[in-house]
Amino acid sequence: MSLEFMIEVALIGFLILFAILAVELKKLAYAVVSLGLMSTVLSIIFYVLYAPYVAVINLLVYAGAVIVLFLAVLSLMSPGEKGKREEMKYDIATEVSGGLLFIIIAILMVQVFIASYVGLHFVYGEALNLPVLKPFQNILENVAQSVWQVRIIDVLIQAMALFVAGLGVATLFRRERGEKE
Amino acid sequence: MIGLNWYLGAAAILYLIGLYCLATKRNIIKLIIGIEILINAAHLNFIALSTTTVGLDPLARSFVIISIGVGAGVIALALSLTLLIYRHYGTLDVRKMRRLKW
């Protein structure tokens, strides 16, 4: 068992651990911080998988901006809310129905997973099991070319959509402030 | 480098965690966290499946980059709506939001 193998397995383990913590922690601020750690580990995994651009953008956007946004929203709420524990009132109907739904979806997903895995092996053959060794420069050039030439329309539309979303949020808050005044 | 199975399995487990969060939690912030975990699982799947010895698919990576931007927009909009809902109802519990009239 090589060191690289152990590091990658540990990364995947941390990824799942932080995801579970983000869902299960009672205090919202801790849950958000755990989500940020999960995004950071995911960025490292992207880097390991030869996707440096995706890793950097994931680190900037999900582990940076979105987490800051979460914390800002929590800080705008009443002082008790961000540290408040969730209600622990035991609602058996929700738990049972949620658990049943979870089990059914899990069974379906395992079936889809196995089927898609078999299908992938049919298409790619032995290529799926071998380690990846590719020159690093080609990846950077290919991804940059793909983003700026092949998918330039998507990038422009995305920029416009984000701009419109920002305008919409600004409008919502402006109306809210105007109503109060 | 470990095989593709590990990454696909991790993505499937992340997806299940996100679905579990959406099915059982009642706090809006927790639901948004669940949505973000689902998006991250999909991104991991894309990147893992585009990394093979046949070649590294740049199209999948650029698609993930665009999806990250769109996902951040979705999360930002959801958080701003959460803030408005909190000011209107005074709670983050989704069960208590039964009136749609503002």
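Is G3(B) buried, exposed or partly exposed? With a relative accessibility of 24%, G3(B) counts as partly exposed; buried means under 20% relative accessible area, exposed over 50%, and partly exposed in between (1.4 Å probe, protein chains only). G3(B) sits in the segment before α1 of chain B.

Residues are numbered from 1 along each chain as its sequence is written, chains are lettered from A and ligands numbered from 1 in the order in which they are written, and side-chain values use heavy atoms, with hydrogens and water left out.

Chain A has six helices and zero strands; helices (H or I, at least four residues) and strands (E, at least two) are DSSP runs, numbered from the N terminus. The order of elements from the N terminus is α-α-α-α-α-α. Of its 181 residues, 29% count as buried. Among contacts (heavy atoms within 4.5 Å) in chain A with a separation of 6 or more, 57% come from residues 24 or more positions apart.

The average pLDDT (the predictor's confidence in each residue, from 0 to 100) is 76, and 69% of the residues score at least 70. The lowest mean in chain A is 68, in α5(A), and the highest is 92, in α2(A). Where pLDDT is low, the predicted coordinates should not be read in detail.

The next topic is the interface. Chain A contributes 80 residues to the contact and chain B contributes 72 residues. Together the two chains bury about 7,100 Å², 76% of it on carbon and sulfur atoms; buried area is the accessible area (1.4 Å probe) that two parts lose on being put together, summed over both. V23(A), L49(A) and Y62(A) supply 10% of the area that chain A buries against chain B, more than any other three residues.

Six residue pairs are in polar contact between chain A and chain B, both residues at pLDDT 80 or more. A polar contact is a pair of N or O atoms within 3.5 Å; within protein, one must be able to donate a hydrogen and the other to accept it, and residues adjacent in sequence count only if both atoms are side-chain atoms. On the chain A side, α1 (3-24), α2 (28-48), α3 (52-76), α4 (92-124), α5 (136-150) and α6 (152-180) each supply at least two residues that touch chain B. That side divides into 57 nonpolar, nine polar and 14 charged residues, where Ala, Val, Leu, Ile, Met, Phe, Trp, Tyr, Cys and Pro count as nonpolar, Asp, Glu, Lys and Arg as charged, and the others, Gly among them, as polar.

The whole structure holds two salt bridges over all chains, each a side-chain nitrogen of Lys or Arg within 4 Å of a carboxyl oxygen of Asp or Glu. K25(B) lies in the loop between α1 (4-24) and α2 (28-49) of chain B and E24(A) in helix α1 of chain A, so this pair joins two chains. The closest N and O atoms of K25(B) and E24(A) are 3.5 Å apart. K25(B) counts as buried at 12% relative accessibility, and E24(A) as partly exposed at 31%. R95(B) and D93(B) also form a salt bridge, at 2.9 Å from N to O. R95(B) is partly exposed at 30% relative accessibility, whereas D93(B) is buried, with a relative accessible area of 9%.
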